[in-house]
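Here is a briefing on one protein model. It covers packing, aromatic pairs, surface and backbone.

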Amino acid sequence: TIICTYSDSSTLTKNRRPTVNNFNKQRPAVRKEASNAIPNFALLPHPIYLKESVTIIMCTTPPSSSYQHMSPPPSRTYPNMTKGSSFVPLPRPSLRAQKQRLTSILLDSATTLFVLYFLYHNPNYLNPWSLPNATLWLGGFILIRCAIAFYDHLVVCLIDSCFKCKVLPTREPGAPPVRYVELDTRSLVYLCLNAFNEYAFVMRLTHYLSQGGMFQALPLKLSEVSLGNTLLALGIIFVSMDMLYAPLHHLMHLPSLYPLIHKHHHRQHFPTRGYLDAGNEHPIEHMIGIICVWFALMTAELMMPSLLCLGDKLWYEDAGLSVLSSPSEWVRGGGVHAITAFIFFQLHATLAMMNHSPYDVQFSLPLIGSTKLFGKETQPVKCIEKIPWVGLRLRRLVIGEWFHYSVGYHEMHHRKFNFNYGQYCMWYDLWMGTFLEYEGPLRAKELEAKKLKSKAK
């Protein structure tokens, strides 16, 4: 709690403690006066009530060390302060907050030492192509950063200009204002560290593909493109990545881990900066995301040959023929084309940027036709719905509810932390009971109609 006195506070409160409705009318004046007296007042939550000549600003969470700099020394005076008035210093952090801060310092220090030790014994991790000098390496880094910045702006341009996507209801003109958080020093440090990690990932991914994948069997030629190593492999990559990322994401929300790693990413309750908000995360969390990408790519690379061998075996057995297949054929690799890996990387970056944008982008992947063209009440869908026991589940699978992407789902995760852990689809959340539909304020037209209706009364 921060307590501050003002020379003109009695005029604001009219010498009485106002109700919440009266305070809402006085909020602009209070914020204007408080912003002149308290540094970085915009970073604090809204005041809740006034009492006599004292403004009491209640924080929704206990003050942390990041807010300590907002309390100036008692000897320093500020405008609109009466003679002899001073700021009451913030209380000392609780024992729990001190313990969390110490644990965070130990975790970051241990991680730094581990990374330095790993890079010392594996210098090729940051240079898998064995570039001869640092100039080429830095030139590649600058090229990748420029490409990511261009791609971020390209995605926004396509969404805004070509597809004409509307913004989310919380960002519409006339909706209640939302609170944005600027990038602080820690955010800039995290973005820089994650940029080097992304550069190492891009270099290792391109080197991995050029070497033919895990077993040097990954196809590179256009003549080797097939339905299995493109569309089917792409679906396996997306599903397997989300099925690993969602539980790990849920794990990072445990009370013991959340303040140490994932809390920084949730500083922004309403993401709007695209790549900057998506990449503004703890380096440990960023590495977890890269591990999920590698897991998904290798899963598809190994699973596709296994599925092909299984299909051949079932096909020949139905025909009354016997087929011999060695165990090595089931895990021979090469189930993903290099073009598929490139397309996945582009789509993954695009969806991550859109998840942290203000645009209301959503789509589904139906199995039978397109619900956009044929609707959800077609004859095949009605027949499937009549199947006993599993009809409703099959209907959701057919019309596209099995893979429904929505930026609004991820905004709900930033607003209400314990829901919607999935990144692309909500399978995990539907199974775990953590799925939450999008909840937005009334749209601008509805707000205007409500105001007109209240005036008419």
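The largest nonpolar core has 39 residues. The residues with the most contacts inside this core are Ile237, Met241, Trp294, Leu297, Phe344, Met354 and Val361. A nonpolar core here is a set of buried Ala, Val, Leu, Ile, Met, Phe, Trp, Tyr and Cys residues joined through side-chain atoms within 4.5 Å. The model is predicted: local features need pLDDT of at least 70, side-chain atom pairs count only at pLDDT 80 or more, and totals for chains, interfaces and linings use all residues. Residues are numbered from 1 along each chain as its sequence is written, and side-chain values use heavy atoms, with hydrogens and water left out.

- Helices are DSSP runs of H or I with at least four residues, strands are runs of E with at least two, and both are numbered from the N terminus.
- A second, separate core has 5 residues, including Phe141, Ala195, Tyr199 and Met203.
- Trp294 touches Phe201, Arg204, Leu205 and Tyr208, not counting residues up to four places away in sequence. Contact means heavy atoms within 4.5 Å.
- In soluble globular proteins, nonpolar side chains tend to be buried together.

**Whole chain**

- The protein chain contains 16 helices and 5 strands.
- Of its 457 residues, 37% are buried. Buried means under 20% relative accessible area, exposed means over 50%, and partly exposed is in between (1.4 Å probe, protein chains only).
- Take the contacts between residues at least 6 apart in sequence: 75% of them join residues at least 24 apart.
- The chain exposes about 27,000 Å², and carbon and sulfur atoms supply 65% of that area. Accessible areas come from the Shrake-Rupley method with a 1.4 Å probe; for residues, only the protein chains shown count as cover.

**Aromatic pairs**

- The count comes to 16 aromatic pairs. Rings of Phe, Tyr and Trp (its six-membered ring) pair if their centres lie within 6.5 Å; planes under 30 degrees apart count as stacked, over 60 as edge-to-face and the rest as tilted.
- Phe118 and Tyr125 have ring centres 5.5 Å apart and planes at 80°, so this pair is edge-to-face. Phe118 is partly exposed, at 31% relative accessibility.
- Trp427 and Trp431 form a tilted pair, with 6.0 Å centre to centre and 40° between the planes.
- Both of these tryptophans, Trp427 and Trp431, lie in helix H15 (residues 427–432), 4 residues apart, or about one turn of the helix.
- Trp427 is partly exposed at 22% relative accessible area, whereas Trp431 counts as exposed at 61%.
- Trp137, Phe141, Phe196 and Tyr199 form one aromatic cluster.

**Surface**

- Leu222, Val225, Ile339, Phe342, Ile343 and Leu347 make a nonpolar surface patch of about 540 Å².
- Patches are made of residues with over 30% relative accessible area and no salt bridge; like charges are joined within 9 Å, nonpolar side chains (Val, Leu, Ile, Met, Phe, Trp, Tyr) within 5 Å. A salt bridge is a side-chain nitrogen of Lys or Arg within 4 Å of a carboxyl oxygen of Asp or Glu.
- Phe342 sits in helix H10 (residues 338–355). Its relative accessibility is 52%, so Phe342 counts as exposed.
- Ile142, in helix H4, is also exposed, at 52% relative accessibility.
- Ile142 and Tyr199 are 57 residues apart in sequence and 9.4 Å apart in space, C-alpha to C-alpha.

**Backbone and a buried histidine**

- Ser130 is not a glycine, yet has a positive phi of about 55°. Ser130 lies in the loop between helix H3 (95–121) and H4 and is exposed at 51% relative accessibility.
- Asn420, also a residue other than glycine, has a positive phi near 55°. Asn420 lies in the loop between helix H14 (407–415) and H15 and is buried at 0% relative accessibility.
- His410 is found in helix H14 and is buried, with a relative accessible area of 7%.
- Leaving aside neighbours within four places in sequence, His410 is in contact with Asn355 and His356.
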